[in-house]
Amino acid sequence: MKTVNEMKLSFPSKSCNEAFARSAVAAFIMNLDPTVGELSDLKTAVSEAVTNCIVHGYRRQSGTIYISGKITDSGKVTVKIRDRGCGIADVAQAMQPLFTTAADEERAGLGFAVMQSFCDKVRVKSAPGNGTTVTLEKQIGNDD
């Protein structure tokens, strides 16, 4: 598969930028003519990943969130959301539904489960003190 388009952006880890990230990724894939469902799915997954960076990665301190995206000639979209925050000690545990590190807040612990339900593939790479990268993959349209 050949990459036909790509983008990179970064922004401060402020809650108001979650909507910006969601909209930027949506605009990036518009030339693929996604269905409303495909567009909504990817926007929701990006929103969850960015929220995780803000709430868990930087623990409400300032930092930078990085997003990169690629589109292949078959319509496969890959979006990477990365922070340089505290990282995740046990990725497998963190990806379990209802697990959350925000015990003092009202968090459902469903962020990764939501991402997995709306994308074809979700990969998480993380290390304590080195931040987290979430890679979302979604096929847009039929690749017949």
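1. Helices here are DSSP runs of H or I with at least four residues, and strands are runs of E with at least two, both numbered from the N terminus. By that rule the protein has four helices and five strands. Along the sequence they follow the pattern β-α-α-β-β-α-α-β-β.

2. Some ground rules. This is a predicted model, where local features need pLDDT of at least 70, side-chain atom pairs count only at pLDDT 80 or more, and totals for chains, interfaces and linings use all residues. Residues are numbered from 1 along each chain as its sequence is written, and side-chain values use heavy atoms, with hydrogens and water left out.

3. Burial and surface. Buried means under 20% relative accessible area, exposed means over 50%, and partly exposed lies in between (1.4 Å probe, protein chains only). Buried residues make up 43% of the 144 residues. The protein exposes about 7800 Å², and carbon and sulfur atoms supply 48% of that area. Areas come from the Shrake-Rupley method with a 1.4 Å probe; for residues, only the protein chains shown count as cover.

4. Contacts. A contact means heavy atoms within 4.5 Å. Among contacts with a separation of 6 or more, 65% join residues 24 or more positions apart.

5. The core. A nonpolar core is a set of buried Ala, Val, Leu, Ile, Met, Phe, Trp, Tyr and Cys residues joined through side-chain atoms within 4.5 Å. The largest one has 35 residues, and V50, I65, I67, I81 and L136 have the most contacts inside it. Helix 2 gives the most to this core, with eight residues. Setting aside neighbours within four places in sequence, V50 touches F11, E18, A21, I65, I67 and I81.

6. Helix 2. Its 22 residues reach 30 Å from first C-alpha to last, close to the 32 Å expected at 1.5 Å a residue. The expected span is 1.5 Å times one less than the number of residues. S47 sits in this helix, residues 36-57. S47 is buried, at 13% relative accessible area. Beyond its neighbours within four places in sequence, S47 is in contact with E18 and R22.

7. Helix 1. Residues 17-29 form this helix; its 13 residues reach 19 Å from first C-alpha to last, close to the expected 18 Å. Its buried residues are N17, E18, A21, V25, A26, F28 and I29. They pack against strand 1 (3-12), helix 2, strand 2 (64-72) and strand 3 (76-83).

8. Backbone points to check. Most residues other than glycine have a negative phi. D33 is not a glycine, yet has a positive phi of about 55°. D33 lies in the loop between helix 1 and helix 2. D33 is exposed, with a relative accessible area of 66%. R59, which follows helix 2, also has a positive phi, near 45°.

9. Helix 4. In residues 111-118, G111, F112 and M115 are buried. Seen down the helix axis, the buried residues fall within an arc of 95°, so they line one face. The arc is that of the directions from the axis to the C-beta atoms. Their cover includes helix 2, helix 3 (91-94), strand 4 (121-126) and strand 5 (132-139).

10. Cysteines. A disulfide is a pair of cysteine sulfur atoms within 2.5 Å. The count by this rule is zero. C86 is partly exposed, at 25% relative accessibility. C119 is buried, at 7%.
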